[in-house]
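Here is a structure to read step by step.

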Amino acid sequence: MNYAADTAALARKDLLLELRAKETLPAMLLFVLATLTIFHFALPRGTGDVAARGLLWSALVFTALLGLTRAFVPEREQGMFDALVLAPCDRSAIWLGKSIAVIGFLAAAQVVALPAFAIFFNGLDGRTVAAVALADVGIAAVGTLFGAMAVAGRARELLLPLLFLPMAVPIVVGGVGEYLWFLALYDAIFAVLSWAAFEYVVAEA
Amino acid sequence: MIFARRISKRFGDRRVLRDVDVEVPDGGFLLVTGPNGSGKTTLLRILARLAAPTSGELRLPERATIGYLGHDPLVYRELTPLENLTLFGRLYRIPERAEHVGMLLERFGLWEVRHERVATFSRGMQQRLGLCRVLLHDPSLLVLDEPYNALDAQGGDLLDGILSERRTIVVATHDPVRVEQRATARLALG
């Protein structure tokens, strides 16, 4: 009960911070729309659905990376990790709360990105939407863990893409191929691993 | 009590602390002094369990609850004082949170601005809010790094009151005059 309430309070905090600062989501929206527009004009007419889906997934992964880069900015700039880790709550609740907020940002960006993709390219089917929803969970789980790791490092802007992008390859493979079972399996495995590993990420060695 | 023996800390090739010993009995007051860069903040972070020493032994009571105030007040600037303290009250499992938070805000003169964003506050008001956060869970060990920074006369008096309460306290400052009389132990770094 306490764990769920802690997680909800932390996720609410992150959503509230974004609602006030309006820094991450507008940037994500602008980025994904600009990327899809560029792809629309870059792709030759008559290109197949699979190629178009590949571009959609590229746009989604890089948009997510943009959001993840900003995810721990308040904790980094205001030293808030110190205050959070001193609290007697389970540290994985910090990861879970942040992941839920990241899923919220991704979903909000995709509410705009998916219809734009449908307009620019050859429509959109339910399987693609389901794949995107499943991918969001994996992206948030892995990306939040790596975001926290990157915050502690000096070359944090460099570190997050280096850690996250290789881990996003299976998501792109599963997304383009629309292997929903594969995406669900990725989510389950990496959510559990990230949840368990977060404690060690925030504890200074 | 706080018991630390031969605490050392390195950041890469740079040694910040070398074989520091600290012993503070329950209810004691340790004053840590030293010039900039002497390792005061690093030592306080180690004592607050926010950083691990490179070598040495640190023992704190198993049930010690720690209130830590660093150079930053450690509050979210885009949230209001009420939202900040309610969040930390939740994480610290404070019973009757609303009353407790209200009482602290009143005590530190922040009740009237409880719905305003912290980003709009002066540094002194942010420091007051930082002190509210530190005291929220009535910690048995207070670790304060330059706590008088940015506080006005009234804020300083409030802090004097806190430091005279019965609990174990560690304060680092490069201007020790104000707390010197309260100190039961002293450590000069650098």
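**Reading chain B**

Q: What kind of model is this?
A: This is a predicted model.

Q: Where do I start with β6 of chain B: is this strand mostly covered or uncovered?
A: Count neighbours. A residue is called buried if 20 or more other C-beta atoms lie within 10 Å of its own. Strand β6(B) spans residues 141-145, and five of its five residues are buried. So by that cut-off the strand is mostly covered.

Q: Which residues of β6(B) lie on each side?
A: Leu141(B), Val143(B) and Asp145(B) are on one side. Leu142(B) and Leu144(B) are on the other. Both faces are covered.

Q: In which sense does β6(B) pair with β5(B), parallel or antiparallel?
A: Look at the bridges. β5(B) and β6(B) are parallel, with four bridges between them. In one of these, Ile66(B) partners Leu141(B).

Q: How many bridges join β6(B) to β7(B)?
A: Five, and these two strands also run parallel. β7(B) covers residues 168-172. There, Ile169(B) is the bridge partner of Leu142(B).

Q: Through which helix does the chain cross from β6(B) to β7(B)?
A: Follow the path. The chain passes through α5(B), residues 153-163. This β-α-β crossover is right-handed.

Q: How many residues of chain B are in contact with chain A?
A: An interface can be read by its contacts. Here 21 residues of chain B contact 21 residues of chain A.

Q: Which element gives the largest share of that side of chain B?
A: α2(B) does, with five residues. Both β5 (66-69) and α2 (81-91) of chain B supply at least two residues each.

Q: What is the make-up of that side?
A: Sort by residue class. Twelve are nonpolar, eight charged and one polar.

Notes. Residues are numbered from 1 along each chain as its sequence is written. Chains are lettered from A and ligands numbered from 1 in the order in which they are written. This is a predicted model: local features need pLDDT of at least 70, side-chain atom pairs count only at pLDDT 80 or more; totals for chains, interfaces and linings use all residues. Two residues are in contact if their C-beta atoms, placed from the backbone, lie within 7 Å. Ala, Val, Leu, Ile, Met, Phe, Trp, Tyr, Cys and Pro count as nonpolar, Asp, Glu, Lys and Arg as charged, and the others, Gly among them, as polar. A residue is buried if 20 or more other C-beta atoms lie within 10 Å of its own, exposed if 12 or fewer, and partly exposed in between; C-beta atoms are placed from the backbone. Two strands pair if DSSP finds at least two bridges between them. A crossover is right-handed if, with the strands pointing away from the viewer, the path from the first strand over the helix to the second runs clockwise.
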